[in-house]
Amino acid sequence: REKDDKFKIRMPKLRTVKEYMEKRKSDNDAERNMLKFKRSSEERIKKMEKEEKFFRETFMYDKEISVINTAIAECSVPSKRRVDLPVTAGEQLDVIDVTEGPAVICRNSKGRYGYVLVEHLNFR
């Protein structure tokens, strides 16, 4: 018996059907995750376009939207009206336009626009 073990030929292990299917399934999962990411970014873009359209209609803003400055919110402020932008402390905002009063028009990271009082902002 010892001689038989010594001269035994070792064959390379071939994948079974089950292993092959598991590997293929993991490859398909990677593709699905990529498609899911692409779909979520498309949804985010559509939502931001909708917010911009609402902003242009509500504020009657016909100029090009460009970021003048960036600011950090010092404190959390809930919105009392639809045109006010609710902010949380530490949130970074893009300043879009300056108004005559004590407020500026800002955009948050979600693409929502609204008025924010200058006293609640910290400009670097």
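Tutor: Asp-84 is buried, because its relative accessible area is 16%. Before going on, note that this is a predicted model, where local features need pLDDT of at least 70 and side-chain atom pairs count only at pLDDT 80 or more, while totals for chains, interfaces and linings use all residues. Residues are numbered from 1 along each chain as its sequence is written, and side-chain values use heavy atoms, with hydrogens and water left out.

Student: How many helices and strands does the protein have?

Tutor: Helices (H or I, at least four residues) and strands (E, at least two) are DSSP runs, numbered from the N terminus. Here there are two helices and five strands, in the order α-α-β-β-β-β-β along the sequence. Of the 124 residues, 25% are buried.

Student: Where does Asp-84 sit, and what does its side chain pair with?

Tutor: A polar contact is a pair of N or O atoms within 3.5 Å; within protein, one must be able to donate a hydrogen and the other to accept it, and residues adjacent in sequence count only if both atoms are side-chain atoms. Asp-84 lies in the loop between strand S1 (69-73) and strand S2 (92-98), and its side chain makes a polar contact of 3.0 Å with that of Arg-81. For plain contact, the test is heavy atoms within 4.5 Å. Setting aside neighbours within four places in sequence, Asp-84 touches Ser-79, Arg-112, Gly-114 and Tyr-115.

Student: Now the empty space. How do I read that?

Tutor: Rolling a probe the size of a water molecule over the atoms shows where empty space is left. On a 1 Å grid over the protein atoms alone, a cavity is a set of points where a 1.4 Å probe fits but cannot get out; a pocket is an open set with protein on both sides within 12 Å along at least five of seven lines, and lining residues have an atom within 4 Å of a point. Grid points are joined across faces, edges and corners, and a volume is the space filled by probe spheres set on the points.

Student: Which residues lie nearest the centre of the largest pocket?

Tutor: Val-77, Asp-84, Tyr-115, Val-116 and Leu-117, out of 13 lining residues. So our buried aspartate turns up again, because Asp-84 has a relative accessible area of 16%. The volume of the largest pocket is about 220 Å³, and strand S4 (residues 113-117) gives the most to its lining, with three residues. Counting Ala, Val, Leu, Ile, Met, Phe, Trp, Tyr, Cys and Pro as nonpolar, Asp, Glu, Lys and Arg as charged, and the others, Gly among them, as polar, the lining has eight nonpolar, two polar and three charged residues.

Student: And what lines the largest cavity?

Tutor: Its lining is Glu-51, Phe-54, Phe-55, Phe-59, Arg-82 and Tyr-113. Helix H2 (residues 17-59) supplies the largest share, four residues. The volume of this cavity is about 40 Å³, and the whole structure holds one cavity of 30 Å³ or more.

Student: Is Asp-97 buried or exposed?

Tutor: Asp-97 counts as buried, because its relative accessibility is 15%. Asp-97 belongs to strand S2, and a polar contact of 3.2 Å joins its side chain to that of Lys-63.

Definitions and conventions
Buried < 20%, exposed > 50% of the residue type's maximum accessible area, 1.4 Å probe, protein only.
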